[in-house]
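I opened my notebook to look through a new structure. Here is what I looked up, entry by entry.

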Amino acid sequence: QRKHNPPPSHEGIALFGDRNGKCMALIYDTLYHTDAKLYTGMGPGQRVMMWNNGRQSSLELVESLVAVDVTDKARGKRVKWRFPKDDEAGGDVRFLAAPTPVGERLLVPAIINQELMLLGLKKDTGEVAFKTSLCTPEASEVNRWASVGIAVVGSEAYVASGFGVVFSVDAGTGDVLWAVRYQRSEPDSEGTHGNIIIASRRRMQNLPGFDEDVIIPRGDKLLLAASDSDQVQCLSRATGQLLWRSPRQDSTYVLGVMNDGFYVAGRKAVRRYGISGGRLEKETQVKDSFGRGALTPQGVYVPVKQEIVRLDIDSLQPVGRLRVAASHQDPVGNLFADGKHLVAAGLDRIYTLVDGEAKLRELTASIEKKDNGQARLDRAFLYEVEGKADAALEDLRMSYKLLPVGDSRKDAATKLMTMLLSRAAERPANALALYEESEEVAKVLDQQVRVWLARGRYHIAQKQMDAGLDLLLKAAQDTSESLALVDDTEGRR
């Protein structure tokens with residue numbers, strides 16, 4: 001979406017198009033994140049942005065790297081330091097990735113006055129230990145919304161710049177050990193929406209490649225997935241010499257490395273390249289995988305709509321499909337693995353995914369040991385997903401009874417009332433008892449009007465017009481806001 005349909009305005013690009021402006025890293029008890037202030041008009045940090053052949057805007061964008069203490073002890077004074085300091089702000093600084101820790105220092109790539117620099121900052125103070133100039137990017141086609149990739153092994157840091165060059169740098173002194181150019185891709189005319197001048201007056205055009213610059217050390221080799229190259233590449237760690245390269249095809253992100261396999265994926269496929277020779281060993285087509293997958297020893301997990309497809313680590317053939325039992329219908333999102341759980345980052349939430357059957361056994365054991373409302377509420381949700389409506393209803397009743405007054409009890413009441421109304425509509429023979437029970441629950445929520453509407457329609461369907469009209473009139477005369485919680489138009493009519 002970012003590549004083929006960029007934001008339609010220059011202000012939109014500055015605020016929403018740049019993923020580097022939102023990068024962060026949590027290192028022990030400190031969160032490091034980029035911060036920026038955007039101003040329109042003229043000023044010392046003015047940058048000119050040009051969009052679609054001539055539309056211009058003068059912006060002042062001031063960026064900084066902030067270190068924040070996330071411990072409880074830091075209440076009231078969380079900001080440890082800011083780089084550059086407020087009184088030192090000046091020049092053109094733009095950070096291109098989250099910090100990478102090396103001992104007592106942080107390695108931070110940044111564009112400073114149109115030069116790509118590697119900064120070595122002291123963790124505790126943010127002071128500059130070294131500042132190494134890597135290159136001066138040309139005003140050529142480059143996707144600078146991709147983050148610079150840094151990997152550290154011992155005292156050596158490897159930098160994938162996204163400007164057609166890979167660097168090996170001494171992580172202690174900042175000295176460049178070697179620098180090697182690689183073949184960049186040709187501009188993608190179909191995905192180009194005019195030329196953009198942003199941030200450091202660098203012309204930006206879409207170059208096919210990976211979404212981010214990733215470099216992975218593996219033995220005596222470096223695996224490179226660049227944002228400006230249509231190749232998956234392997235270099236010598238000692239010299240930077242090209243060992244092999246293979247077509248990227250439509251892959252957009254790196255899954256990782258396992259044994260002798262380098263795994264990449266995109267919206268439509270998952271692929272594995274052999275690290276020793278670069279041959280495309282396996283490829284599996286997937287359908288509309290909009291999020292990022294996760295590589296684990298148990299397999300490759302790929303999000304597809306509301307499901308997660310598990311691929312065999314060797315054959316890349318599907319060996320299972322997991323339906324995500326979530327209380328919303330959004331796509332799964334991006335997947336991450338911590339060794340025990342899968343974590344999904346969706347559109348507006350982050351949640352942990354666990355095995356539903358194992359979780360059900362765990363909740364049942366907890367309830368048998370000591371009955372509690374929250375466990376009942378959680379188990380009711382899993383029963384409902386499995387289609388066990390009677391068991392879910394019984395757990396909701398017990399949850400509502402056991403939970404103390406508060407948000408959790410309101411949540412249980414809402415779900416119980418909704419299920420009772422649904423069951424009453426499905427089972428007319430038992431409807432009256434279910435409606436009476438749901439009205440008692442609705443009193444806690446001040447939503448009796450929902451029950452009156454449903455019960456009124458039931459009586460009318462049963463040809464009991466007087467009873468039905470009395471309930472509908474009662475609902476129509478309700479002065480609370482609860483009618484808006486139903487279908488407002490239908491209810492008031």
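**Entry: two helices crossing**

I started with H2 and H3, where H2 passes H3 in a left-handed crossing. This is a predicted model, so I keep that in mind throughout. I found that helix H2 covers residues 356–369 and helix H3 covers residues 373–385. They pack at an angle of about 145°, and their axes are 10 Å apart.

Next I asked myself: which residues in H2 meet residues in H3? From H2 I noted Gly-356, Lys-359, Leu-360, Leu-363, Thr-364, Ser-366 and Ile-367. On the side of H3 they meet Ala-375, Arg-376, Asp-378, Arg-379, Leu-382 and Tyr-383. I sorted the residues of this contact into six nonpolar, three polar and four charged.

Is Arg-376 buried or exposed? I found it buried, at 13% relative accessibility. A reminder to myself: side chains of opposite charge can pair when their charged atoms come close.

**Entry: further salt bridges**

How many salt bridges does a search of the whole structure find? I wrote down 22.

One of these joins the side chains of Lys-443 and Glu-440, at 3.1 Å from N to O. Both residues lie in helix H6 (residues 431–445), three residues apart, which is about one turn of the helix. Lys-443 is partly exposed, with a relative accessible area of 46%, and Glu-440 is also partly exposed, at 47%.

I also looked up Glu-127 and Lys-122, whose side chains meet in a salt bridge at 3.7 Å, N to O. Glu-127 has a relative accessible area of 43% and is partly exposed. For Lys-122 the value is 38%, again partly exposed.

I moved on to strands. A note from class: strands of a sheet pair through backbone hydrogen bonds, either parallel or antiparallel.

Strand S26 (residues 299–304) runs antiparallel to strand S27 (residues 307–311), and five bridges join them. Which residue in S27 stands opposite Tyr-301? I found Arg-310 there. S26 and S27 form a hairpin with two residues between them, and Lys-305 in the turn has a positive phi of about 55°.

S27 also pairs with strand S28 (residues 318–323), in the antiparallel sense and over five bridges. Here Glu-307 has Arg-323 in S28 as its bridge partner. The hairpin of S27 and S28 has six residues between the strands, and Leu-316 takes a positive phi near 60° in it.

**Entry: a three-stranded sheet**

My next stop was an open sheet of three strands, in the order S29-S30-S31, with antiparallel pairing. Which are the edge strands? They are S29 (334–337) and S31 (350–353), and each pairs on one side only. From one strand to the next, the twist averages 30°. I traced strand S30 (residues 342–345) against S31 and found four bridges, antiparallel. Leu-342 has Leu-353 in S31 as its bridge partner.

Another note from class: most residues other than glycine have a negative phi, and most peptide bonds are trans. I went looking for exceptions.

The peptide bond from Phe-83 to Pro-84 is cis, with omega near -10°. Pro-84 sits in the loop between strand S5 (79–83) and strand S6 (93–95).

Asp-288 is not a glycine, yet it has a positive phi of about 50°. I placed Asp-288 in the loop between strand S24 (280–285) and strand S25 (294–296).

Lys-463 also has a positive phi, near 70°. The loop that holds Lys-463 runs between helix H7 (448–461) and helix H8 (465–476). Lys-463 is exposed, with a relative accessible area of 69%.

**Entry: the whole chain**

I finished by stepping back. The chain has nine helices and 31 strands. Of its 493 residues, 47% count as buried. I looked at contacts between residues at least 6 apart in sequence, and 44% of these join residues at least 24 apart.

Terms used:
Residues are numbered from 1 along each chain as its sequence is written. This is a predicted model: local features need pLDDT of at least 70, side-chain atom pairs count only at pLDDT 80 or more; totals for chains, interfaces and linings use all residues. Side-chain values use heavy atoms; hydrogens and water are left out. A salt bridge is a side-chain nitrogen of Lys or Arg within 4 Å of a carboxyl oxygen of Asp or Glu. Buried means under 20% relative accessible area, exposed over 50%, partly exposed in between (1.4 Å probe, protein chains only). Two strands pair if DSSP finds at least two bridges between them. Axes are lines fitted to C-alpha atoms, for helices over the stretch in contact, and angles run from 0 to 180 degrees between N-to-C directions. A crossing is left-handed if the near helix is turned anticlockwise from the far one by less than a right angle, and right-handed if clockwise. Contact means heavy atoms within 4.5 Å. Ala, Val, Leu, Ile, Met, Phe, Trp, Tyr, Cys and Pro count as nonpolar, Asp, Glu, Lys and Arg as charged, and the others, Gly among them, as polar.
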